[in-house]
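Please keep the sequence and the coordinates at hand while reading.

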Amino acid sequence: MLTFAADQGFHGEVKRRVLEYFRQTGLSPRDSPRMYLKTAVLLLWFGASYFLLVFVAATWWQAGLLSVSLALATAGMGFSIQHDANHGAYSNHGAINRLMGLTLDLLGASSYVWHFKHNLSHHTYTNLVGADDDIDFRPFARLFPAQPRYRIHRFQQFYLWALYWFLFPKWNFIDDFKSVIRARIAGHRFARPRGGRLIELVAGKALFCGWAFVVPALFHLWWVVLLLYVITSLVLGSTLAVIFMLAHCVEEADFPTPPPGSDRLPDAWAVHQVQTTVDFARKSRLLTWYVGGLNFQIEHHLFPRICHVHYPRISDIVEKVCDEFNVRYAAHDGFFAALASHWRWLRRLGRPVAAETDQPGGENDERHARQQHTGPEGDLQVFSKHEVQTSE
Ligand SMILES: [Zn+2]
């Protein structure tokens, strides 16, 4: 089992300073009025898009635009409401978190499975090959340097975007069921849902099928319903995937592997979280609002139980502490800079290894993977803490 190096004081200090911020300002990390208002806006947006699409739209262009609107509202709910709630960051009251967390089930994905897939697998083992289930598109993509490269990956920077389109249907109708049947996510066992949680999972899927297919089919031709479902899914899947990928699958993010023969990673958990994550477009208030603070994923990974509305203010504190502890803090100025970095990362990992560097060695070679990582192409050089220490 993978373990992390002992913390050298960074985690304690960053927690102390952020808690001090809340003490000084008198703000609560959860139950923010802004978050409740935002929830109302997103639910209204979602409800209005659905109602107009199913009951009012009279032309093709209206139906198309409303499908896009429904997809963007759904993604917004996913980024903000369910994500905070299922982390316990929405409210101090467990019941409110559970209720808001169930919005994920309403949208067709199981909040029960999400807890293990996202909260435990992704948030504990961020960017660790085979252990971070949120970043795994095998065999279609090579996202980690330690993953095997197939010939088709040479073109992954072009075709992967199309696969992002189908992320949501795959998640709803394949991945959730596969995880529950196997009772395993990224090599980690988890208890299959029972009793109320099982009913919740099944009822969530049924409810989703009801509003997404059955109700619209009562008023429209089945193929029209299916076509608009596909349009909504394409916009939704690519929005979710791109925002997620820009935080972890870019040139500036670290993809560490333990030394050969060991399961112990070179960095402490909190340092690992910062170095495997990259912020972007931190000054864009509109983007920050829409993506539920997921452009501040460094802050989210360090403080997943703090409501995202606080991330912009917290980021100044986190960046300062990182600087003091010599922990690399990476951020792209804008959305498109992050998007370009994601594209370059896909291109780099899809290339034949021999063409990429002159070094011999297999594609799974850890040393080689790190060379790819610190290559000249990136805007920022990436060094692990271990490497920084040895170079001093
Ligand atoms: Zn999260």
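Which residue lies over the face of W289, and at what distance from the ring centre? The residue is K38, at 5.0 Å from the ring centre, where a charge is taken to sit over a ring if NZ of Lys or CZ of Arg is within 6 Å of the ring centre and within 35 degrees of the ring normal.

The model is a predicted one, in which local features need pLDDT of at least 70 and side-chain atom pairs count only at pLDDT 80 or more, while totals for chains, interfaces and linings use all residues. Residues are numbered from 1 along each chain as its sequence is written, and side-chain values use heavy atoms, with hydrogens and water left out.

**Zinc site**

The zinc ion has as its protein donors the NE2 atoms of H83, H87, H118, H123 and H300, which lie 2.1 to 2.2 Å from the ion. Donors here are N, O and S atoms within 2.8 Å of the metal (3.2 Å for Na, K and Ca), and because water is not among the atoms, sites may look incomplete. Along the chain the donors follow the spacing H-x3-H-x30-H-x4-H-x176-H. H118 is buried, with a relative accessible area of 4%, and H123 is likewise buried, with a value of 4%; buried means under 20% relative accessible area, exposed over 50%, and partly exposed in between, with a 1.4 Å probe and protein chains only.

**Aromatic contacts**

Rings of Phe, Tyr and Trp (its six-membered ring) are paired if their centres lie within 6.5 Å, and planes under 30 degrees apart count as stacked, over 60 as edge-to-face and the rest as tilted. By this rule there are 28 aromatic pairs. One of them joins W45 and Y290, whose ring centres are 6.1 Å apart and whose planes stand at 50 degrees, so the pair is tilted. Because W45 belongs to helix 2 and Y290 to helix 12 (residues 285-290), this pair ties together parts that are 245 residues apart in sequence; helices (H or I, at least four residues) and strands (E, at least two) are DSSP runs, numbered from the N terminus. W45 is partly exposed at 26% relative accessible area, whereas Y290, at 16%, counts as buried.

F144 and F255 form an edge-to-face pair, with 5.4 Å from centre to centre and 90 degrees between the planes. This pair also links distant parts of the chain, since F144 is in the loop between helix 6 (111-124) and helix 7 (156-165) and F255 in the loop between helix 10 (222-248) and strand 4 (264-268), 111 residues apart. F144 is buried at 2% relative accessibility, and F255 is buried at 6%. Elsewhere, one aromatic cluster is formed by F46, Y50, F173, F208, W211, F213 and Y229.

**Salt bridges**

A salt bridge is counted when a side-chain nitrogen of Lys or Arg is within 4 Å of a carboxyl oxygen of Asp or Glu, and the count by this rule comes to 13. Three of these bridges are listed here.

| Salt bridge | Closest N and O atoms |
|---|---|
| R16 and E13 | 2.9 Å |
| R17 and E13 | 2.7 Å |
| E251 and R348 | 2.7 Å |

E251, in the loop between helix 10 and strand 4, and R348, in helix 15 (residues 335-350), are 97 residues apart, so that their bridge links distant parts of the chain. Both E251 and R348 are buried. Salt bridges with shared partners join E13, R16, R17, K320 and E324 into one network. Within helix 1 (residues 10-25), R16 and E13 are three residues apart, about one turn of the helix, and R17 and E13, also in helix 1, are four residues apart, again about one turn. E13 is buried, with a relative accessible area of 17%, while R16 is partly exposed at 47% and R17 is partly exposed at 21%.

**Nonpolar surface patch**

On the surface, F51, L52, F55, V56, V214, L218 and F219 form a nonpolar patch with about 690 Å² of accessible area together. The elements giving two or more residues to the patch are helix 2 (33-56) and helix 9 (195-219), and helix 2 gives the most, with four residues. V214 has its place in helix 9 and is partly exposed, with a relative accessible area of 49%. Patches are made of residues with over 30% relative accessible area and no salt bridge, where like charges are joined within 9 Å and nonpolar side chains (Val, Leu, Ile, Met, Phe, Trp, Tyr) within 5 Å; accessible areas come from the Shrake-Rupley method with a 1.4 Å probe, and for residues only the protein chains shown count as cover.
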